[in-house]
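Please look through the structure shown here, and keep in mind that the model is predicted.

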Amino acid sequence: MSFDVLFNQFMSGIARGALLFLVASGLSLTFGVLRVLNFAHGSIYMLGAFVTYSIWKYLLIPVVGFYVATILASLTMAGVGLLMEFFLLRRLYSRGWPEQLLATYAVILILTDIVKWGWGGEFLSIPRPKPFTGAVFLFGFPFPSYNFFIILLGLALVVFLWWLVYRTRLGDIIRAAASDREMVSALGIPIPWLFTWIFVLGSLIAGLSGAVSAPFGAIRLGMDIEIIVECFAVVVIGGMGSLPGTLLGSFIVGQVYSFGIMYKPELALAFIFIVMAIVLIIRPWGIFGRPER
Amino acid sequence: MERMQTERNPGIRNQWWLALLIAAALFAPFVISEFYLAILGEALIMSLLALSFNLLFGYMGQLSFGQAAFYGLSGYTVAMLLTKVHFNFWLSILAGILMAGILGLIIGFFCVRLRGIYFSILTLAFGQLLFFVIYKWHNFTGGDDGIQGVFPPEALKSPVNYYFFIVIVFILATFLLWRIVHSPFGYILKSMRDNPERTEFLGINIGRYQLIAFVIAAAYAGLAGALWAPFYRSIAPFALMWIKSGEPVMAAILGGPTTFFGPIFGMFLMTFFHAWVLGFTVYWPVIMGALILVIIFFLPGGILGFAQEKWKARKTSAK
């Protein structure tokens with residue numbers, strides 16, 4: 001196997017990993033603070049892609065149309081997250097995790113049908129936006145420049161989340177709330193308010209990743225569950241609620257997927273699960289996670 | 001002490017309504033139309049899947065989102081044995097259950113190490129993995145076309161005969177599971193759900209018991225799949241999809257996971273409701289989603305769970 005093939009797979013794995021990080025970071029952030037695993041995170045991602053398509057199609061602004069649509073769709077998904085937190089999750093924090101899981105599962109079913117009802121079952125696509133239509137040469141090999149856009153966006157999100165969690169007052173509260181909710185509440189910080197905004201932020205990230213995933217592949221029903229299962233693999237490998245863990249998990253899953261699909265497309269997912277199973281046997285709480293109390 | 005006694009011999013006092021239900025099930029083919037008979041058959045088969053799920057959820061406290069994997073694998077095993085090698089029907093059914101059990105052993109080996117949400121994630125992931133493999137492996141499994149022309153033997157070809165076959169298998173399987181959950185083994189499962197640490201202190205190997213329960217549940221899901229393929233005359237990858245895994249979850253929540261018959265009741269409600277709703281809309285999932293939310297918010301414990309609570313409350317106030 002020649003170097004250029006391997007390098008090519010490596011780079012597409014990086015791009016895939018970057019997209020996975022975009023989605024999984026929102027999931028992981030929400031879980032880290034709220035201790036609620038949002039099953040519907042992938043559905044918000046899917047809805048984000050569909051909404052981006054519609055806004056893009058409706059606006060038809062040259063050059064910046066896609067970026068405007070991306071921003072508007074992300075904000076819309078933040079709104080969806082706000083509604084979901086306010087009407088559903090808020091009422092379930094005191095209940096057990098099965099109820100929380102089922103409530104978000106119900107949201108999957110509802111959002112899937114909304115997408116089916118609103119856009120039909122067709123495959124939709126958005127062409128790659130300028131200036132990322134062409135190819136970039138790296139060591140003399142061509143790569144789609146849109147992949148680099150995704151990678152850059154992923155890196156930007158890493159930096160942003162790191163800054164948010166480790167360098168701001170909100171970040172202090174987030175980390176404190178993740179380790180001891182009652183104590184933070186006792187210090188006079190309104191926990192419901194914090195939870196709402198973290199969930200909204202998570203949904204915004206999900207919507208953003210759905211939007212930028214649109215020119216990457218087809219926009220279609222079923223993309224929600226595909227991405228959420230891979231995100232689960234990411235957070236299980238990296239450790240739930242851990243930012244560096246999510247980053248490492250995304251990298252691993254992206255690479256395994258990319259090389260797996262080259263080796264045997266039918267089994268690409270299987271390779272991811274083999275890695276996941278190995279991690280679970282050695283460190284059930286993930287590489288960067290903490291054991292459950 | 002008195003309570004212990006009644007729990008040791010559960011169901012004795014309930015015999016009259018069970019007998020009534022069994023009689024109704026056996027008389028149904030003479031009363032209802034073939035369409036409703038088919039739905040009734042479907043409800044019975046799917047109830048086995050719901051029981052399989054609830055052995056893990058209601059009794060062991062582990063929420064599996066991957067029961068469709070066992071159901072589908074068994075269905076595919078039966079379908080392929082019957083259509084490709086024209087294998088004996090009864091042995092095919094057994095082979096389907098066996099395959100589901102073996103898969104349960106493999107997946108369970110990994111899953112029983114985990115608790116709570118992690119268990120759900122991993123079962124979902126394994127389920128989707130199997131779905132993906134069967135869906136993509138076109139040469140072997142027929143991909144998204146599935147497998148058609150899965151026929152039961154001559155004697156069971158008529159819908160009524162197959163229905164009776166389902167009823168008999170259902171009664172035997174349900175009775176067996178009833179015995180399992182009310183055996184010492186069943187009590188160990190419940191104690192693992194309520195207090196895993198204390199159960200471990202009693203010298204019980206939690207991992208091993210969870211694995212056994214997981215394999216039994218997988219075999220029950222397999223039984224449902226094995227009955228389904230010849231009943232529906234075909235099988236498609238949809239049988240392994242996450243939506244299918246969600247059905248027993250919803251049935252248990254609807255009927256009441258803390259009761260033995262709750263999941264069956266929930267699955268019957270769901271199946272008939274589904275058949276009725278499909279008459280005028282294809283947006284079944286949104287209705288189901290809304291229904292789950294209603295149950296979670298207004299009827300925690302499910303319908304039978306709620307009824308049982310009320311009944312218990314009345315009994316204590318009467319005393």
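The C-alpha trace of chain B spans about 60 × 45 × 35 Å along its principal axes, and buried residues make up 48% of the 319 residues in the chain. Among the contacts in chain B with a separation of 6 or more, 77% are accounted for by residues 24 or more positions apart.

Where the two chains meet, the contact takes 31 residues from chain A and 31 residues from chain B. On the side of chain A that touches chain B, the elements that give two or more residues are helix H4 (97-119), helix H9 (223-238) and helix H11 (268-282) of chain A; the largest share, 14 residues, comes from H4(A). The residues on this side of chain A divide into 26 nonpolar, one polar and four charged.

The largest nonpolar core has 202 residues, of which Ala233(A), Leu55(B), Ala125(B), Tyr220(B) and Ala224(B) touch the most other members. Helix H11 (residues 206-232) of chain B gives the most to this core, with 16 residues. As for Ala125(B), when residues up to four places away in sequence are not counted, this residue touches Val229(A), Phe232(A), Ala233(A), Phe273(A) and Met276(A).

Key:
Residues are numbered from 1 along each chain as its sequence is written. Chains are lettered from A and ligands numbered from 1 in the order in which they are written. This is a predicted model: local features need pLDDT of at least 70, side-chain atom pairs count only at pLDDT 80 or more; totals for chains, interfaces and linings use all residues. A nonpolar core is a set of buried Ala, Val, Leu, Ile, Met, Phe, Trp, Tyr and Cys residues joined through C-beta atoms within 7 Å. A residue is buried if 20 or more other C-beta atoms lie within 10 Å of its own, exposed if 12 or fewer, and partly exposed in between; C-beta atoms are placed from the backbone. Helices (H or I, at least four residues) and strands (E, at least two) are DSSP runs, numbered from the N terminus. Two residues are in contact if their C-beta atoms, placed from the backbone, lie within 7 Å. Ala, Val, Leu, Ile, Met, Phe, Trp, Tyr, Cys and Pro count as nonpolar, Asp, Glu, Lys and Arg as charged, and the others, Gly among them, as polar.
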